[in-house]
Amino acid sequence: MEIIVRFLDKNGLIVAFLCVGIITYASAVLSDRLTNRKIPGSAIAILMGLVLAYIGGRVTGGEKGIADIKALSGFGIMGGSMFRDFSIVSTAMGASFVVMRKTGWVGALSLFLGIVLSFIGGVLVALLWGYTDAISLTTIGAGACTYIVGPVTGAAIGASSDVMALSIAAGVVKAVFVTIATPFLARFIGLDNPHTAMIFGGLMGTTSGVSAGLAATDPKLVPYGALTATFYTGLGCLSCPSVLYLLMRMLFGNG
Amino acid sequence: MIIYGVAILAFCYITGQLAGEFLGKALGIDANVGGVGFAMLLLILINDWFAKKGGPDKLTENGIQFWSQMYIPIVVAMSAVQNVKVAVSSGLIAILAGILPVLLCLTMIPVLAKLTKKAPQHGDYSPVS
């Protein structure tokens, strides 16, 4: 047994290829037989991934989902940011530069709106829960942007560690929620063309949520959503600890 | 050669991500600003340039296409390494703070899309998978 685990751990990436292949096949069969292809196979596969991540977290108590199980550690490499970004870039091959240029300014507008609205949403929830100091409010609001903006902002303005943890959790919930909800909501918000996908990416901002959600909805839309979403975290890290924090201090004082 | 395609992709990735790192540094923040976006634009430009010269050969293109076909499997792996346990068990405040902003933003999508309705609905993109 130990030999097998050590072997699987040593060849992690290859093991992950095999496992994801099996998951994808099982999802395609499920999509075919159970849902008559109404729910796309990729959506089921991504959902299965999330379930695996939950199981991994429960079994090991770690933070990296299924990758915390030693024999399946290769998921961490395959699903890490390097491979993710590399393959996102490659999807640009099928994208139209003309559409991107035409949507450019709305994309930028959606980025600003996305950050400000998410921030306000997070702050409102924090207020409801009785937080009144500018630092905690800002940190939780930043966490509502993405799970990177939250801790970066919290560290910059000196938030307490439990508030930081809360902001990370909010960002993770957002990523998971966007992943699951996008294919179901796509119809209602007109998310079926590159133009709307760029707006969607800018408003949502969570790269993992947007890329997984769009992949489950329509893989053709991925490059457009990813293009705007990639600016979101950076802009969020820029504006949350500065402009938005100052605004919160003006509104709520230092108390 | 397949490796040419992979190398072109790697070139775009590295150049774009480095630009994103430096832009972040220049703005004084500890994050990559738009690295993936720059890399994508660079790949589109290089692809355009190749197309004008008669297109890259099939194998070179396959080196890039392979990775865009691997995109969904990689996303599946990515969702399997998310910290879902925290998302599920961190209490109502985190769940609401994660979901409410998404709903707020979703309501803006039709508004923004209408703002720019004059733009063409479809470009001449070709499906990646």
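These legends walk through several close-up views of a predicted model.

**View 1. The two domains of chain A.**
Let's start with how chain A is divided up. Its domain assignment gives domain 1, covering 2-79, and domain 2, covering 96-252. Taken over C-alpha atoms, the centres of these two domains of chain A sit 26 Å apart. Where they meet, 6 residues of domain 1 are in contact with 7 residues of domain 2. On the domain 1 side of that meeting point you'll find 5 nonpolar residues, 1 polar residue and no charged ones.

**View 2**
Of its 129 residues, 49% are buried. Take the contacts in chain B with a separation of 6 or more: 57% of them come from residues 24 or more positions apart.

**View 3. Where chain B touches chain A.**
Here 75 residues from chain B meet 99 residues from chain A. Two or more residues each are given to the chain B side by α1 (2-26), α2 (35-52), α3 (58-69), α4 (71-79), α5 (84-89) and α6 (92-115) of chain B. Which of these gives the most? That's α6(B), with 19 residues. Sorted by class, the side of chain B that touches chain A has 51 nonpolar, 20 polar and 4 charged residues.

**View 4. Helix α10 of chain A, wrapped up by its surroundings.**
This helix spans residues 194-204 of chain A, and 11 of its 11 residues are buried, so the rest of the structure largely encloses it. Among the buried residues of α10(A) are P194(A), H195(A), F200(A) and M204(A). They pack against α6 (97-128), α9 (161-185), α11 (207-217) and α12 (222-252) of chain A, together with α6 of chain B. Just after α10(A) comes G205(A), which takes a positive phi of about 80°.

**View 5. Helix α7 of chain A, also enclosed.**
Is α7 of chain A, residues 134-143, buried or exposed? Here 10 of the 10 residues are buried, so the helix is largely enclosed by the rest of the structure. The buried residues of α7(A) include A134(A), S136(A), I140(A) and G143(A). What covers them includes α6, α8 (149-157), α9 and α12 of chain A, together with α6 of chain B.

**View 6. The largest nonpolar core and A97(B).**
The largest nonpolar core holds 127 residues. Which of them touch the most other members? They are V89(A), V173(A), A77(B) and A97(B). Now zoom in on A97(B): leaving out residues up to four places away in sequence, A97(B) touches G122(A), V125(A), A126(A), I140(A), G143(A), A144(A) and A170(A). Two of those, I140(A) and G143(A), are buried residues of α7(A).

**View 7. A glycine inside helix α1 of chain B.**
G16(B) is found in helix α1 of chain B. Why does G16(B) count as buried? Because 25 other C-beta atoms lie within 10 Å, and the cut-off is 20 or more. G16(B) and G34(B) are 18 residues apart in sequence, yet their C-alpha atoms are 8.1 Å apart in space. Neighbours within four places in sequence aside, G16(B) is in contact with V89(A), G35(B), V36(B), F38(B), A39(B) and L42(B). One of these contacts, V89(A), has already turned up in the nonpolar core of the previous view.

How values were computed
Residues are numbered from 1 along each chain as its sequence is written. Chains are lettered from A and ligands numbered from 1 in the order in which they are written. This is a predicted model: local features need pLDDT of at least 70, side-chain atom pairs count only at pLDDT 80 or more; totals for chains, interfaces and linings use all residues. Domain bounds come from an automatic or database domain assignment. Ala, Val, Leu, Ile, Met, Phe, Trp, Tyr, Cys and Pro count as nonpolar, Asp, Glu, Lys and Arg as charged, and the others, Gly among them, as polar. A residue is buried if 20 or more other C-beta atoms lie within 10 Å of its own, exposed if 12 or fewer, and partly exposed in between; C-beta atoms are placed from the backbone. Helices (H or I, at least four residues) and strands (E, at least two) are DSSP runs, numbered from the N terminus. A nonpolar core is a set of buried Ala, Val, Leu, Ile, Met, Phe, Trp, Tyr and Cys residues joined through C-beta atoms within 7 Å.
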